[in-house]
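Hello,

Here is the structure we talked about handing over. Please open it first, then read the notes below.

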Amino acid sequence: MTIIATPPRGIYPALATAFKSDGSLDLERTGALASWLIESGVHGLAPLGSTGEFYTLSREEREAVSACVIEAAAGRAPVIVGANASSTAEVIQYCKIARKQGASGVLLAPPYYALPTRRELLQHFTKVASATDLPITLYNYPGRTGVDLDLDIVVKLAAIETVVAIKESSGDATRIASIREMCEGRIAVLCGCDTLALESFAAGAEGWIGGGANFLPREHIELYELMVLQADLVNGRKLAASILPVLRQLEESGAYTQCVKAGLNIIGHPAGPPRAPLMPADEEQSRSLKRAIETLQSQPR
């Protein structure tokens, strides 16, 4: 089957992976969450990212999660699978698994811990792209990987036909406009820093991959529609300001994944605890998040 290199656009929740109380996978709840999000109107799903705690999963567990999500999506929405690992060979293997399972694309950050140089990063992504025909969304998150996909690297990678987008999570609000200009529109740029969603859309982001969309999908969709589809900056600003207290807690608490799972508990779609070494959000974090969500959802729109 030929894969069409279509860039992701719209809202793609960085899907949480559900666990049981004993730390084992809960595929039933993972699939149910995926299905509910699609029914809520999200444009696609991005499992096995950092919010999906991929780094705690064995290869077999990762295969099980991606298969579960693709099956739950059932062709109703594209699924971009995180295929990250610490070696090029392993990333290629995960890309091949995703391709075999029917993924719509892969989300690829630089190999973590190794701290590859610019030359090594270019070699890594070029080798991966030559080994799979799946559309590639780059993931720039130097806070997690320790290296930055800077403008020079992104421009070079954008010349690869199957590199279709980048999730920009550096926290630099100027990056999105710079990437769009330097790459001349060859790749889509997606918001990856939740507290900069408004600025990202205003600068030309065409989508948003974020953890908060797990429990606030409709609000994320509404902001995307206001800013990107309707170019309604006035109402976009109002909505973004109302969502911001929730997003700040995710980004600034130092407990992003923990708070995503707390948010899912609050809205009645529990995904269990995070897997060790992470621990559930503490009582104050949960109370604060609950207040912020309730305040947001009580506001007329």
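This is a predicted model: local features need pLDDT of at least 70, side-chain atom pairs count only at pLDDT 80 or more, and totals for chains, interfaces and linings use all residues. Residues are numbered from 1 along each chain as its sequence is written, and side-chain values use heavy atoms, with hydrogens and water left out.

**The sheet**

Start with the strands. Helices (H or I, at least four residues) and strands (E, at least two) are DSSP runs, numbered from the N terminus. Two strands pair if DSSP finds at least two bridges between them. Here 7 strands form an open sheet, in the order S1-S7-S6-S5-S4-S3-S2, with parallel pairing. S1 and S2 (80-82) stand at the edges with a single partner strand each, so one side of each has no neighbour in the sheet. On average, neighbouring strands are turned by 25 degrees against each other, direction ignored; the axes are lines fitted to C-alpha atoms, and angles run from 0 to 180 degrees between N-to-C directions.

Strands S4 (residues 136-140) and S5 (residues 163-168) run parallel, joined by 5 bridges. Thr137 has Ala165 in S5 as its bridge partner.

**Around S7**

S7 covers residues 207-210. S1 (residues 10-13) runs parallel to S7, with 4 bridges between them. Ile11 has Trp208 as its bridge partner there. S6 (residues 188-191) pairs with S7 in the parallel sense over 2 bridges. Leu190 stands opposite Gly207. From S6 the chain crosses through helix H8 (residues 197-202) to S7, and this β-α-β crossover is right-handed: with the strands pointing away from the viewer, the path from the first strand over the helix to the second runs clockwise.

Both faces of S7 are covered. Gly207 and Ile209 on one side, and Trp208 and Gly210 on the other, are all buried. Buried means under 20% relative accessible area, exposed over 50%, partly exposed in between (1.4 Å probe, protein chains only).

**Rings**

Rings of Phe, Tyr and Trp (its six-membered ring) pair if their centres lie within 6.5 Å; planes under 30 degrees apart count as stacked, over 60 as edge-to-face and the rest as tilted. The count comes to 5 aromatic pairs. One of them is Phe201 with Trp208, edge-to-face at 6.0 Å centre to centre and 75 degrees between the planes. Both residues, Phe201 and Trp208, are buried. Ring pairs also link Phe54, Tyr55 and Tyr112 into a cluster.

**Cysteines**

The whole structure has 0 disulfides, a disulfide being a pair of cysteine sulfur atoms within 2.5 Å. The sulfur of Cys183 is 17 Å from the closest cysteine sulfur, in Cys191, too far for a bond.

Best wishes
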